[in-house]
Amino acid sequence: MISFLNLQYFLLLSEELNFNNTAKKLHVTQQTLSGHIKKMEHDLGVKLFNYGPPLEITPAGLLLKAHAEVLLNQMKKMEMDIAKFKTSQSGSLKLGCTFSRAQFMMPAIIRDFQQKYPLIQLQMFEGNTPEIEDLLIKKHLDVTIGYIPETQKGITSLPLYDDPFILVVHPSVLSKCFPSRNSHQFRFYNEQYIRDILSHCPYITMSRNTLVGEIGREYMKKLGITPVQEMEVRDVGTMLSLCYAEMGFMLCPKTLVACCHYPFSKGHIIHPLPGHIGKTLAINYPSEEAKSPILKAFIQIVRENLQEYITDAGKE
């Protein structure tokens, strides 16, 4: 059998046509080099060189040389492809996201990523939106999933889709707050009905240092509404659980409601907010990391998991 090593020895000798020079370049003895060539001639049953002096390549040797060049080029390409594959399959990735997305959006993404790329060490950092954006800008993170940062210098954002806030409330809450009205009427989208809910029902919201809490309060302020009762919580899971337990209404990003394990769609009333424009959810990363194979692999997994939400505008 002819090995790639034999072909490499033969090809260099066919170019140098000098055993001494070829042996020096290969860092082997002339005897070793001669042994490889003789073995090839024996295995192929043809003479590859006329052993002069001068050393000359035979017609059979020229034919082998043409094939050897192709095979060795393919071998180099194979080695480069394998090296690229190994690079994409190992390393580390520092991911940042808010506490809410860490709880309800990231588990499936991380599971699929680690199943496909088990050699890549994934580190996740949780915090509120300002904290995560600050870590990204300082390049302490490789990638984040969140809204497009206000500071875009040195940051590339890949838009995924618009994620509007929605109103979620259980009919039992409406029955308590509007005893003389049939709660079923609130299932029909009506801006006045929504204002009634915002004005007269208990409001479950996040603390003021979170984006969810800030956006909700800004929306209420824009409408000139002050809730009759406000329950402020620090954890998005608590907000979702209280709303599901029929303790009041919440204003929450649509994706979190869709991704969480509570079956809100089966009993709760869910409506878009009149006049509210959703913020764009995006994959954000330092611009110089754009060609990172690990980052590209992670982006692909995110897209696969969020495919049902991604709009045409967010597709490449």
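**Legends to the close-up views**

**View 1. Lysine 139 is placed in the loop that runs between α7 (129-137) and β5 (143-147).** The model shown here and in the views that follow is a predicted one. The backbone of lysine 139 has a phi near 65°, which is a positive value in a residue other than glycine. Its relative accessible area of 42% lies between the limits of 20% and 50%, so lysine 139 is classed as partly exposed. Most residues other than glycine have a negative phi, and most peptide bonds are trans.

**View 2. Histidine 27 occupies the loop between α2 (19-26) and α3 (30-44).** Histidine 27 also carries a positive phi although it is not glycine, with a value near 60°. With a relative accessibility of 72%, above the limit of 50%, histidine 27 counts as exposed.

**View 3. Phenylalanine 10 and phenylalanine 49 make up an aromatic pair of the tilted kind.** The structure holds twelve aromatic pairs, and in the one formed by phenylalanine 10 and phenylalanine 49 the ring centres are 5.6 Å apart, with 55° between the planes. This pair links distant parts of the chain, since phenylalanine 10 belongs to helix α1 (residues 4-16) and phenylalanine 49 to strand β1 (residues 49-51), 39 residues apart. Phenylalanine 10 counts as buried because its relative accessibility is 0%, and phenylalanine 49 counts as buried with a value of 0% too. Phe10 and Phe49 belong to one aromatic cluster together with Phe19 and Tyr51. Over the face of tyrosine 51 lies lysine 38, at 4.1 Å from the ring centre.

**View 4. Phenylalanine 178 and phenylalanine 186 form a tilted aromatic pair.** The distance from centre to centre is 5.1 Å, and the angle between the two planes is 35°. Phenylalanine 178 is buried, with a relative accessible area of 7%, and phenylalanine 186 counts as buried at 0%.

**View 5. Arginine 101 is positioned over the face of tyrosine 147.** The distance from arginine 101 to the ring centre of tyrosine 147 is 4.8 Å.

**View 6. Phenylalanine 249 is one of the residues that touch the most other members of the largest nonpolar core.** This core has 68 residues, and Phe113, Leu251 and Phe298 share that standing with Phe249. The element that gives the most to this core is helix α14 (residues 293-305), with seven residues. Once neighbours within four places in sequence are set aside, phenylalanine 249 is in contact with Leu167, Val168, Val169, Ile197, Leu198, Cys201, Pro202, Tyr203, Ile204 and Met220. Another core, of 18 residues, lies apart from the largest one and has among its members Ile37, Ile57, Leu64 and Met75.

**View 7. Helix α10 covers residues 211-223 and has a span that agrees with expectation.** The buried residues of α10 are Leu211, Val212, Gly213, Ile215, Gly216, Arg217, Tyr219 and Met220. After α10 comes glycine 224, which has a positive phi near 75°.

**View 8. Methionine 206 lies in strand β8 (residues 203-206).** Its relative accessible area of 5% is under 20%, so methionine 206 is buried. When residues up to four places away in sequence are not counted, methionine 206 touches Val212, Gly213, Arg217, Glu232, Val233, Arg234, Asp235, Val236 and Met239. Of these, Val212, Gly213 and Arg217 are among the buried residues of α10. The C-alpha atoms of methionine 206 and asparagine 284, which are 78 residues apart along the chain, are separated by 24 Å.

**View 9. The protein chain as a whole, given for orientation, has 14 helices and twelve strands.** Its radius of gyration is 33 Å, well over the 20 Å that the globule rule gives for 316 residues, so the chain is more spread out than a compact globule. The C-alpha trace spans about 110 × 35 × 30 Å along the principal axes. Buried residues account for 44% of the 316 residues, and of the contacts between residues at least 6 apart in sequence, 73% join residues at least 24 apart.

Notes: Residues numbered from 1 in each chain as written. Predicted model: local features only at pLDDT ≥ 70, side-chain atom pairs only at ≥ 80, totals over all residues. Heavy atoms only, no water. Phe/Tyr/Trp six-rings, centres within 6.5 Å; stacked < 30°, edge-to-face > 60°. Helix = DSSP H or I, 4+ residues; strand = E, 2+ residues; numbered from the N terminus. Buried < 20%, exposed > 50% of the residue type's maximum accessible area, 1.4 Å probe, protein only. Lys NZ or Arg CZ within 6 Å of the ring centre and 35° of its normal. Core = buried A, V, L, I, M, F, W, Y, C linked by side-chain atoms within 4.5 Å. Contact = heavy atoms within 4.5 Å. Expected span 1.5 Å × (residues − 1). Rg over C-alpha atoms; globule rule 2.2 N^0.38 Å.
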